[in-house]
Amino acid sequence: MPGPSPGLHRALLGLWAVLGLGLLGLSAVAQEPFWADLQPRVALVERGGSLWLNCSTNCPRPERGGLETSLRRNGTQRGLRWLARQLVDIREPETQPVCFFRCARRTLQARGLIRTFQRPDRVELVPLPAWQPVGENFTLSCRVPGAGPRGSLTLTLLRGAQELIRRSFAGEPPRARGAVLTATVLARREDHGANFSCRAELDLRPHGLGLFENSSATRELRTFALPPDPPLLAAPRLLEVGSGRLVSCAMDGLFPASEAGVYLALGDQRLSPDITLEGDAFMATATATASAEQEGARQLVCNVTLGGESRETRENVTVYTAVPGQPAQLQLNATENDDRRSFLCDATLEVNGETLSKNESTELRVLYAPRLDDSDCPRSWTWPEGPEQTLRCEARGNPAPSVHCARPDGGAVLALGLLGPITRALAGTYRCTATNVQGQAVKDVTLTVEYAPALDSVGCPERITWLEGTEASLSCVAHGVPPPNVSCVRSGEAGVVEGLLHVVREHAGTYRCEATNARGSAAKNVAVTVEYGPSFEELSCPSNWTWVEGSGQLFSCEVDGKPEPSVVCVGSGGTSEGVLLPLAPPDPGARAPPIPRELAPGTYICNATNQHGSTVKMVSVSAESPPQMDESTCPSHQTWLEGAEAAALACSARGRPSPQVRCSREGTPRTQRLHVSREDAGVYRCLATNTHGTDARIVTVGVEYRPVVAELAASPPGGVRPGGNFTLTCRAEAWPPAQISWRAPPGALNIGLSSNNSTLSVAGAVGSHGGEYECAATNAHGRHTRRITVRVAGPWLWVAVGGAAGGAALLAAGAGLAFYVQSTACKKGEYNVQEAESSGEAVCLNGAGAGAGADTGAEGGTEAADTAEAPAGGEVFAIQLTSA
């Protein structure tokens, strides 16, 4: 039998390969380790919160699986290799759920860890004692129930914002919850009224959660200090019925003394004391008044209470009653001398073995009418102004008279018996009247007030103005008592100014006037100004002035006169008629008038005026200007023609006086020659100068010249074989640059030109391309040509055979070309021929005649593409370059 075909053989080999790969895959699956995974493995949940757990495996087909936990479940979602379960109301501090799957007769397990945390929602500070003695310890205890885990908890006890103690419970077991912090604190005075609190911080930031804080309510501490000694009680041993006696109770070393309670009582009668505090001490005073029912022995009690503790002191007091006895009398005849005489009555009584005495005195008053004696009320007073004095005018009399001193005109009243300042306004005569119920007495009193001299602006002004040529005197009136003497001396001189003066301007200056009396002196400076009419001086206001255009100069015309005259200069004729001459302000800080651009020269009349007169002066004004060149007087670009007669640059300048202009070449100096050379081209600097400055201008000179064909060469040189290529290169020197044109031999076809016509090229030369070629260079100043001969030569047999075939082809091409020219482009005098080597350029040739067999040529140019000429000799005048 024939063997299996090659295709079947290849199929069997492929099947075995697939089966082999399958067995290898099953072997790899069998050896792959399977696992169970629980996500999240470790979780931290707020107590009472919920959590989704995802239990999964990589076993391809697990038999069964589940999630074991003691926590409450709310929902379950399943897939082939996973299940997700939501656990709710998680309250246990720590649980370990187990994820399991049964795979290939093995149980895969993954254990997780769920811990709960509880915020410090309750922070409790144990209540403080109502009163805490200073110097004794008290306990601060803070409790945070349920918060945890405790290892993340920190408790801080605070006094106000000050931390007293801070404790972290790091390292505590994870299941530990709640915390207590206790501290023993020494009570101080400054702790009185202080607020204590506790702050709890649960820091779960290392577990990806936040920082939870809470603080307890503040508790106020009240501290006190009460000394062990009882208060000091001061009281009389005997107390008469109906009379009031002062009792006091004092104690030191109390804190806070303002919160101490004081109880003060006489027997059953509670007294109402006045309490005075001074630092840590207090004094309680009260008036004890006994009644008849309290007669006998009684106890006076003082009790001090502070911070729940008290101190007490008791004293015995005997209350007694005094029975009135027989009156004692004394009679006498009163005289004026008995006025204010004292009389004393003394009585004694024995109480409880102690002798008591009382006495009382009285003064006898004898009434009589007022008397004003010179010793008690002088007729004249002299006082210096300024110091405080007490004015006394006393009258004798009983009852004591009232004394009133006033000016008779109803003016000022003297404040008798009071200390007060003495002013000059009090000076004058006063009428003093003493009055009581027994009558009155009257007396005139004169008060003189002396004071130092004063020079005020009314009697002695600070500034005085005199007019030159008049008579004046310098007098100053001073105020003062006694009347002052006044003298005035000019500064720098010794003589006193007296009498009338014939005023000249030299009298101007500063004078010192001094007033003197017994009470002092006063001095004052008096400035004397002498005014006079205006006058001109040649130096300060010149008769001739030259104004320079653009200089910003103003005419300075200063005039002598007081007050300062006003000056106006007005043109008096010609172009300056009525024109104001701008004047520089006399004060450098004053605002100057605008600077004129143009100023008409001529004669100006300057008029100076002040309140004392006016004067005039003639001023001749001339106007000049600095040099100025611009494009119109000195063009920045100038052109010369080579070979022309040498000339200077066309540059001039405006200005007065007329500027002198010199031009020099920058860099290499220009060589002096009779005719212009192209070496004269370059940059020239022209400088215009007159007495008011210079102006410079840069001029660029270009030299133009006729064209010259400097080079005409063929490549390859000497000649070209039929079918070969050749190139003619024409280079011309000219300015402005020359336009290049060509004249080719009659019948030369397929000629190519470069973009600027400088190169003529022929591809596949034939016999008609042989002959004379002419290159012409043309610009505005002339035309220059050069010629070159191109020879096309080869073997005679090639020429004979090729000539016959080539002739036929040329004849056919010529006929076709003639037909094309006549039918299309030659109607407009042009046509396009694509070069053989696809150079991307097209040459437009203008035929010199109609019909086949006409001679053709080519010339490159920049003339418009639609122009055409056909001169004799077959020369081409226009070339159009178009895109391929």
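Select Phe 212 to begin: at 16% relative accessibility, this residue counts as buried, because buried means under 20%. Keep in mind that the model is predicted.

**Stop 1: aromatic pairs**

A search of the whole structure finds six aromatic pairs. Phe 117 and Phe 212 make a stacked pair, because their ring centres are 5.7 Å apart and their planes meet at 20°; planes under 30 degrees apart count as stacked. Where does each partner sit in the chain? Phe 117 belongs to strand S10 (residues 113-117), while Phe 212 belongs to strand S18 (residues 211-215). The two are 95 residues apart, so zoom out and trace the chain between them.

Next, select Trp 545 and Phe 555. Their ring centres lie 5.2 Å apart with planes at 50°, so this pair is tilted. Trp 545 is in strand S47 (residues 544-548). Phe 555 is in the loop between S47 and strand S48 (559-562), ten residues from Trp 545. Are these two residues buried or exposed? Trp 545 counts as buried, at 9% relative accessibility. Phe 555 counts as buried, at 1%.

**Stop 2: charges over rings**

Select Arg 424 and Tyr 451. Arg 424 lies over the face of Tyr 451, at 3.6 Å from the ring centre. Then go to Arg 678 and Tyr 705. Here the charged end of Arg 678 is over the ring of Tyr 705, 3.5 Å from its centre.

**Stop 3**

Select residues 82-90, which make up strand S6. How many of the nine residues in S6 are buried? Seven are, so the strand is mostly covered.

S3 and S6 run antiparallel and are joined by seven bridges. Look for Asn 54, which stands opposite Ala 84 in S6.

Arg 73 stands opposite Leu 87 in S6. S5 and S6 form a hairpin, with three residues between them.

**Stop 4: salt bridges**

Side chains of opposite charge can pair when their charged atoms come close. The structure holds 43 salt bridges. Visit a few.

- Select Asp 203 and Arg 205. Their side chains meet in a salt bridge, 2.9 Å from N to O. Asp 203 is partly exposed, with a relative accessible area of 26%.
- Select Arg 341 and Asp 338. The closest N and O atoms of this salt bridge are 3.6 Å apart. Arg 341 is partly exposed, at 41%, whereas Asp 338 counts as buried, at 12%.
- Select Asp 680 and Arg 673. Their salt bridge has its closest N and O atoms 2.4 Å apart. Asp 680 is buried, at 0% relative accessibility. Arg 673 is partly exposed, at 30%.
- Select Arg 159, Arg 188, Glu 190 and Asp 191 together. Salt bridges link these residues in a network.

**Stop 5: a patch on the surface**

What kind of patch do Ile 605, Val 616 and Met 618 form? The patch is nonpolar, with about 260 Å² of accessible area together. Ile 605 is placed in strand S50 (residues 602-610). Ile 605 counts as partly exposed, at 33% relative accessibility.

Terms used. Residues are numbered from 1 along each chain as its sequence is written. This is a predicted model: local features need pLDDT of at least 70, side-chain atom pairs count only at pLDDT 80 or more; totals for chains, interfaces and linings use all residues. Side-chain values use heavy atoms; hydrogens and water are left out. Patches are made of residues with over 30% relative accessible area and no salt bridge: like charges are joined within 9 Å, nonpolar side chains (Val, Leu, Ile, Met, Phe, Trp, Tyr) within 5 Å. Accessible areas come from the Shrake-Rupley method with a 1.4 Å probe; for residues, only the protein chains shown count as cover. A salt bridge is a side-chain nitrogen of Lys or Arg within 4 Å of a carboxyl oxygen of Asp or Glu. Helices (H or I, at least four residues) and strands (E, at least two) are DSSP runs, numbered from the N terminus. Buried means under 20% relative accessible area, exposed over 50%, partly exposed in between (1.4 Å probe, protein chains only). Rings of Phe, Tyr and Trp (its six-membered ring) pair if their centres lie within 6.5 Å; planes under 30 degrees apart count as stacked, over 60 as edge-to-face and the rest as tilted. A charge sits over a ring if NZ of Lys or CZ of Arg is within 6 Å of the ring centre and within 35 degrees of the ring normal. Two strands pair if DSSP finds at least two bridges between them.
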